Amino acid sequence: MAAITSSVPLADAPQTRRKFPFLLIALLLPMAIINFIAFVLPVVRLGMISFIESRSGGVLTNNYTLENYVSFFTDSFSFELVANSLTLGFGVTLITLCCAYPIALFLHRVSPKWRNMLFVITVSPLLVSSVVRTYGWMVILGDQGVVNGILMSSGIIDSPLRLTNNTLGVFIGMVEVLIPYMALSLIAGFGRLENVYEEAAASLGANRWTRFRRVILPLTAPGIALGCLLCFVLSISSFITPKLLGGGRVFLLATEIYDQAVIQLEWPTAAAISVIVLIIFGLALAVYSRVVKRFD
Amino acid sequence: MIGQLTIPFRLLVACIYLFLLAPILIVLPLSFSNDSYITFPPESWGLRWYAAMFSHAGFAQALWISFVIAITVTVLGLAAGVPAAFAIRRRKFIGREFLLNLFTAPLLLPSIVLGLAILLVFVQARLLGTYTGLIIAHLIITTPYVIRIMLTAFSTIPPSVEDAATMLGASPFTVVRRITLPLMMPGFIASAALSFLLSFDEVVISLFITGPRLRTLPVEIFDYVESQTDPMTAAVSVVLVVATLLIIFLIERTLGLSKTIGK
């Protein structure tokens, strides 16, 4: 009996529309709470702390100051950090593009049977932790690693080549970590490339190089732009690979944020550097959107 | 002629693939080394470092902690993300676009900046080195993916199918159970798998907020790699890679199964 009587108001519910959207709020509230605690609040606090006067040992004062930014822009070491990070960002992006472009072109042209398998192989490194992949590079490039082992046992060199704990090692590791991202972006932009265009160019007398430069490259440019943005942004903010393959001798903005925050406990300084990284991100995004506008 | 794959081009691509996979492939032979330090090829072979790994208290404990956190994050992330994606896709309200952008914005923030930002809040809330803190921090990384995947999953379900079921006399509960849930199952499984893998692999943000007593596996490996150079990390890496492959294989099987049931 009770079940029957209680079912009556339930059936009526959709008709009597409530003014206040309880259901909608119930659906969105858990996500909103997580987002507020772990995103909105932290980002606001990061911005605020970057203006707080710094005291040693993680003590936060209530005095607001521009000191953290002033000392960043007047210190020659910070210019070194910015220069190193930008060099890494541009250099790694360019090399990654040169490595990923042939892969994307190959996947575009290979028969569908092979394409699926090779596509999975291309993106599968994304599922392996970057710590593991970086460790793999330490094994390959280390003083007693694979490369030096082969070169020394074959008598080409007497003492091991310095391939880790320097910028070269970081470059090699970063390029490898970023190839899947670049390849994914390129493949997404290769849809417009069709053989007919190339055949048309060839019939008009364009040679291999001209076809690549005047037909293939312009058609795939949007994918290139997206991939470069992604790789630049990821390499500027990368931390694991530079820290492990750089062996503490490669100084970048990202490694400095970690050192200042976790080792020195200079949170305001770390927060100010983070804001500067975000500004570089904003600039990269602005350049990207201007470049993309030119394609349309 | 056009679009043909020449031999030099094939060779070039093969070399790039070798470069791409080299660091993952190299850890497998190295993990069976019996040497005290990294030499390649190893001077002696054996299972010494696998045994060392399982008797190493730090790794065993960290593996368990990472597993518990990843499972919790997967469940909570789906519980929060799926309803939010449903509301954004199926309900019309002011600020939909804004909420969607807000919920997926953490994807755009570099994890080193997000890690520091979360540290600065958690240090005051006394959440550093706690399960609660790690779970909340991981949720902010996994939920943007859950919402993106589920938005796509919901938009592939035509509302007309649900309407048809309602017209044929199905109650709203039956519609959800018999129509909506089975149709969104692939998206659901994909979200769950990605959440688990993202949380299990997360290292940068965890580095900021783990404490000496509560360390996840990637953090433990990171610290070990930074201080020690012996083949134990190779053994741990192989276990991680095999576990990841196993999860993907299981999903492939279940997704394939759910598709055949759907037919």
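Tutor: Angles under 35 degrees count as roughly parallel, over 145 as roughly antiparallel, 65 to 115 as roughly perpendicular and the rest as oblique. The model is predicted, so local features need pLDDT of at least 70 and side-chain atom pairs count only at pLDDT 80 or more, while totals for chains, interfaces and linings use all residues. Residues are numbered from 1 along each chain as its sequence is written, and chains are lettered from A and ligands numbered from 1 in the order in which they are written.

Helices here are DSSP runs of H or I with at least four residues, numbered from the N terminus. Helix α2 (residues 22-49) of chain A and helix α6 (residues 131-156) of chain B have axes that come within 9 Å and cross at roughly 115 degrees; axes are lines fitted to C-alpha atoms over the stretch in contact, and angles run from 0 to 180 degrees between N-to-C directions. α2(A) and α6(B) are therefore roughly perpendicular to each other.

Residues are in contact if their C-beta atoms, placed from the backbone, lie within 7 Å. From α2(A), M31(A), I34(A), I37(A), A38(A) and F39(A) meet I136(B), A137(B), L139(B), I140(B) and T143(B) of α6(B). Nine residues of this contact are nonpolar, one is polar and none is charged, where Ala, Val, Leu, Ile, Met, Phe, Trp, Tyr, Cys and Pro count as nonpolar, Asp, Glu, Lys and Arg as charged, and the others, Gly among them, as polar.

The contact between the chains takes 62 residues from chain A and 63 residues from chain B. Helix α1 (residues 7-31) of chain B gives the largest share of the side of chain B that touches chain A, 13 residues. That side of chain B holds 53 nonpolar, seven polar and three charged residues.

How values were computed
Contact = placed C-beta atoms within 7 Å. Helix = DSSP H or I, 4+ residues; strand = E, 2+ residues; numbered from the N terminus.
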